[in-house]
Amino acid sequence: MASAHGPGKAVGVTDRRVPVAVSAPDPISREGAVSQLRRHPEIDLREESGPGTVALLIEDALDDAALTRLRRIVRSEGARAVLVIGAIRESELLDVVECGVGAIVWRHEATAHRLVQAVLAASRGDGDLPADLLGRLISQVGTLHRGAAGRPGAPSLGLAPREVDVLRLVAEGLDTGEIAGKLSYSERTVKNVMHGLTTRLHLRNRAHAVAYALREGYI
């Protein structure tokens, strides 16, 4: 890998151009990011993402559709992803990381330099998270590890906080719609959470999931 600090070379510039495809919820946001990236010779702008490209996704907040796009881009299309986001909840952070996103930029910090820095990090397979998000992620993973410690056979990361929240309400007898209302999730998110944890832990149904959570001390 060429040094980013070599003589006569700006910080972050590489010897090869990185193919980048920009996706945004509106044309103004997309054109803003494209115009910032276009000025940098190390960026090769593309219309479509795919293997070997970096997909720059701009979102105001993370919803089911955005998570689906992230999973498709990383897992199906084989691209690396940079998420430019306005706000992200604690419960969504692990979802984003588990999708394969290693670089996140706050929208209010999305200068040309910051975008290029994140794109180059993603192209190398490196992580690039804002300091506050990195701290939250470390804290969350640490909590999950401590929760799983000492329980023979427990998964290394146990249950995610949002899974515990959903299961606690299932145990109280609430249906999908009521759980969604309580947690400010969509019904689809609740269903996805339940499907994800039952599949990952090989649980047969909701009752089995609640029994697991009770036995392991999560609820």
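Colleague: Between which two elements does the loop that holds His108 lie?

Modeller: This is a predicted model, in which local features need pLDDT of at least 70, side-chain atom pairs count only at pLDDT 80 or more, and totals for chains, interfaces and linings use all residues. Residues are numbered from 1 along each chain as its sequence is written, and side-chain values use heavy atoms, leaving out hydrogens and water. Helices (H or I, at least four residues) and strands (E, at least two) are DSSP runs, numbered from the N terminus. On that basis, the loop with His108 lies between β5 (103-106) and α4 (112-124).

Colleague: Is His108 buried or exposed?

Modeller: Relative accessible area decides this, computed with a 1.4 Å probe on protein chains only: buried is under 20%, exposed is over 50%, and partly exposed is in between. Because its relative accessibility is 66%, His108 counts as exposed.

Colleague: What separates the C-alpha atoms of His108 and Val84?

Modeller: Along the chain, these two residues are 24 residues apart.

Colleague: How far apart are the end C-alpha atoms of helix α8?

Modeller: The expected span is 1.5 Å times one less than the number of residues. Helix α8 (residues 187-200) has 14 residues, so it should span 20 Å, and this agrees with its end C-alpha atoms, which are separated by 20 Å.

Colleague: Within what arc do the buried residues of α8 fall, and which residues are exposed on its other side?

Modeller: Thr189, Val190, Val193, Met194, Leu197 and Thr198 are the buried residues of α8. They line one face of the helix, because down its axis they fall within an arc of 160°, taken from the directions from the helix axis to the C-beta atoms. Their cover includes α2 (64-76), α6 (161-171), α7 (176-183) and α9 (206-215). The arc is thus 160°, and the exposed residues on the other side are Arg188 and His195.

Technical notes. Contact = heavy atoms within 4.5 Å.
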